[in-house]
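I opened the model to look up a few features and note them down. These are my entries, in the order I made them.

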Amino acid sequence: MTAHLLSHGDALLAAGDLAGAAAMYSDALAADPSCGLARANLGYVRERQGALLEAELHYLQALVLLPEHPQLVQNYGVLLHKLKRFDESEAAALLAVRLAPGSPSAWNQLGVLLACVKREEEAEACYRHALALDPGFARARFNLAYVLLRQGRLEEGWPLLEARWQFEPMAQAFDCAPWQGESLKGKSIVIALEAGQGDMIHFCRYAALLKQRGAARVAVACHASLRRLFATLPGVDDVVASPAPMAGWDYWTHPMRLPSLFGTVPATIPAAIPYLCAEPMLAQLWCERLAAASPAGSTLRVGLAWQGNPDYENDADRSLPSLQTLAPLAFVEGVTFVSLQKGAAEAQAAQPPSGMRLLAIASELHDFADTAAVIANLDLVISVDTAVAHLAGAMGKPCWLLLPDYRCDWRWMTARDDTPWYPAMRLFRQPTGGDWDGVVSALAAALAHR
C-alpha cells in the first residue's frame, strides 16, 4: 500500500502536480508513519510550494529515519541555502559529497553554496570536479560559466553558458538554422526574444556587428514594450514584436549567444555608446513637461527605479524594500527626483519620503520609448539592477547602479565600481548582504558632492 502511494506520488510530482503529490505522500505517511522516503518527498514538495519552514520539519524527521541518505542530505542543504543559513547548508553539502563522492549533483550543489558566499576558487574546483565525473552535466557547466564570467574570464565562460539551453526552454523556434558564426554576406538574420527586457537592451548592441559582418537584413524580435525604442538600434532593419514570423530568415540567434560568437573579451566589449536614443519630438515634449513640473531652485534632475520584476529569482535581494529606503537622498539640496518605477511599486511614488521632491510621472510611461524620452532630459539615473539601468547605460546617460552583495549578476563582475559594458555607469555595491543603508549613505554623499 505504502509503495503504491509513493509511486503514485512520484508520478504526480514528475508531472508537476505538486498538490496531488503532497496528498499521496501524506497518505503514505498515514499508512506508515515510519516511511522516511514519504517524509523526505513531502518535505521536497512543500519546499517547491514555498513552505520552507514546514519543509524543514519534514526533512528533519526524515533524517532521523534516513540519516545517511545522500539525496535527502543534499536536498536539506539546498533548503538551508534558500533560508540563507549558509554554515548549516555547507555542513549538509559537505556531508552529501562524503556520502556520495561520485555524485556530480552533490559536488555541483556544494559549488553553488560556495559561489554564493564568494568562495569562488573553491566553487570553481567543485564544478570542475562535477564535470570530471560527468562532462555533459549541464547545470555544472552553466554554474561554472557564471563564476568565470563574473571574474572577467569571458573567453572561457561564454561557451559554457551554452549549457543553459539544455535545461531552459529555447527561444521561439524559427524555420532556419541557428547562426554559428558563418558568413552573413547577403543573408538575413533575426535576433530572438530574451526573457528579460534588460537582457534584450544589453545584448542587442550586437545587431550593429551583425550588419558589419555583411548581413543584408538584421531583425530583432522583442517585447512589445521595446518595439518603438529598438527602432533606434544601429544596424537593425526590422523590429517585430514577439512572436516573430518563423519563416523568411536565413539564420536566427539568441541575443545572449552573440558575445561568444563574436569572441568577446573584456578589451573588445562593444561599447559604442549611445546605441539607443529617444525620439526627438518625444524628448522635447518631456523637456517641456519636466521643466514645468520641476520646483523652483532645482538644479539637478535624477530618475529613480527601486524595484525590479518580482518574478526574477533573485529579486528579493536586488530590489530595495521600498522607496522609503532612499529617504536619505531627500536631504540633498537642489535635486528633483523623477520616478521611473513601473509595476506594483509604482504607487509608492505618490507618497515619497518626507522632504523628497519626486515627480510621479511613471503612469505616463507606456513603453520604453517613453522612458527613454524622460531619461534624455535627466542629469542622472539611480536604479537597482533592472531594465531602466540598462536603458540609461545604453543611452550614455550617467547611471548609478545599486547592486546586492548576495548573488550579484555575473555581468557586473567582481569588486568593480565601473563596467566596460556601460562606460557612463557607476556601481554602488552592498558592503555586506542586505545592507542597503550603507549603499544609500554612499549614494547621498556622492549626490551631494555632484
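Entry 1, a helix pair. I found that α5 and α6 are roughly antiparallel to each other, a label given to angles over 145 degrees. Their axes cross at roughly 160 degrees and come within 8 Å; α5 covers residues 70-82 and α6 residues 86-99. I noted that axes are lines fitted to C-alpha atoms, for helices over the stretch in contact, with angles from 0 to 180 degrees between N-to-C directions. Helices are DSSP runs of H or I with at least four residues, strands are runs of E with at least two, and both are numbered from the N terminus.

The crossing of α5 and α6 is left-handed, meaning that the near helix is turned anticlockwise from the far one by less than a right angle. I then listed residues in contact (heavy atoms within 4.5 Å). In α5 they are Pro70, Val73, Gln74, Gly77, Leu80 and His81, and in α6 they are Phe86, Glu88, Ser89, Ala92, Leu95, Ala96 and Leu99. By class, this contact has 8 nonpolar, 4 polar and 1 charged residues.

On the source: the model is predicted, local features need pLDDT of at least 70, side-chain atom pairs count only at pLDDT 80 or more, and totals for chains, interfaces and linings use all residues. Residues are numbered from 1 along each chain as its sequence is written, and side-chain values use heavy atoms, without hydrogens and water.

Entry 2, the sheet. I traced 5 strands in an open sheet with parallel pairing, in the order β1-β5-β2-β3-β4. β1 (177-178) and β4 (238-241) are at the edges with a single partner strand each, so one side of each has no neighbour in the sheet. Strands pair here if DSSP finds at least two bridges between them.

Next I looked at β2, residues 188-191. β2 runs parallel to β3 (residues 217-222), with 4 bridges, and pairs with β5 (residues 251-253) over 3 bridges. Isoleucine 189 has valine 218 as its bridge partner in β3 and stands opposite tyrosine 251 in β5. Valine 190 stands opposite tryptophan 252 in β5.

Are the two faces of β2 covered or open? Both are covered, with Ser188 and Val190 buried on one side and Ile189 and Ile191 buried on the other. Buried means under 20% relative accessible area, exposed over 50%, and partly exposed in between, with a 1.4 Å probe and protein chains only.

Asparagine 309 lies in the loop between β6 (300-305) and α16 (315-318). Asparagine 309 counts as partly exposed because its relative accessibility is 42%. Beyond its neighbours within four places in sequence, asparagine 309 contacts Asp315 and Arg318.

Key. Angles under 35 degrees count as roughly parallel, over 145 as roughly antiparallel, 65 to 115 as roughly perpendicular and the rest as oblique. Ala, Val, Leu, Ile, Met, Phe, Trp, Tyr, Cys and Pro count as nonpolar, Asp, Glu, Lys and Arg as charged, and the others, Gly among them, as polar.
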